[in-house]
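Please keep the sequence and the coordinates at hand while reading.

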Amino acid sequence: LRAAIREPFHSRWVFDVELLGRLLTGEGAAPLDRDRFLEIPLGEWCDVAGSKLGLPSMVRSGAELFAVGARINRARAKSRR
């Protein structure tokens, strides 16, 4: 698991998706099976005053999400070879 956070993340806003991708594709280590993941919903959300996501950041996060998805797909295709 430490190998997944050894390198800096490429994305600022979608680092959580990037981390999941690293764990699933085995970037730097053996990939984890999907069965090893457990999704637990938040029990409560606490809003932070002044924390806003503006239009430029929304566009950037969309582009980052696309780029992370492309990296994950390339890594999966490479591992199938």
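The side chains of Glu27 and Arg22 meet in a salt bridge, with 3.7 Å from N to O; the term denotes a side-chain nitrogen of Lys or Arg within 4 Å of a carboxyl oxygen of Asp or Glu. The model is a predicted one, in which local features need pLDDT of at least 70 and side-chain atom pairs count only at pLDDT 80 or more, whereas totals for chains, interfaces and linings use all residues. Residues are numbered from 1 along each chain as its sequence is written, and side-chain values use heavy atoms, with hydrogens and water left out.

Arg22 counts as buried because its relative accessibility is 3%, while Glu27, at 39%, counts as partly exposed. Here buried means under 20% relative accessible area, exposed means over 50%, and partly exposed lies in between (1.4 Å probe, protein chains only).

Arg22 also forms a salt bridge with Glu18, the closest N and O atoms being 3.0 Å apart. Glu18 and Arg22 are 4 residues apart in helix H2 (residues 15–25), so about one helical turn separates them. Helices (H or I, at least four residues) and strands (E, at least two) are DSSP runs, numbered from the N terminus. Both Glu18 and Arg22 are buried.

A search of the whole structure finds 3 salt bridges. One of them joins the side chains of Arg60 and Glu64, at 3.1 Å from N to O. These residues lie 4 residues apart in helix H3 (residues 55–80), and about one helical turn therefore separates Arg60 from Glu64. Arg60 is partly exposed, with a relative accessible area of 43%, whereas Glu64 is buried, with 9%.

How do H2 and H3 pack, and at what angle? Their axes are 10 Å apart and the angle is about 0 degrees; axes are lines fitted to C-alpha atoms, for helices over the stretch in contact, and angles run from 0 to 180 degrees between N-to-C directions. H2 is therefore roughly parallel to H3, in a scheme where angles under 35 degrees count as roughly parallel, over 145 as roughly antiparallel, 65 to 115 as roughly perpendicular and the rest as oblique. From H2, the contact involves Val17, Glu18, Gly21 and Thr25, and from H3 it involves Leu65, Val68, Arg71, Ile72, Ala75 and Arg76. Contact means heavy atoms within 4.5 Å.

The buried residues of H2 are Glu18, Gly21, Arg22, Leu23 and Thr25, and they pack against helix H1 (2–6) and H3. Just after H2, Gly26 takes a positive phi of about 80 degrees.

Arg76 has its place in helix H3 and is partly exposed, with a relative accessible area of 30%. Neighbours within four places in sequence aside, Arg76 is in contact with Thr25 and Arg34.

A search of the whole structure also finds 1 aromatic pair. The ring centres of Phe9 and Phe15 are 6.3 Å apart and their planes stand at 55 degrees, so the pair is tilted. Rings of Phe, Tyr and Trp (its six-membered ring) pair if their centres lie within 6.5 Å, and planes under 30 degrees apart count as stacked, over 60 as edge-to-face and the rest as tilted. Phe9 is partly exposed at 31% relative accessibility, and Phe15 is partly exposed at 44%.
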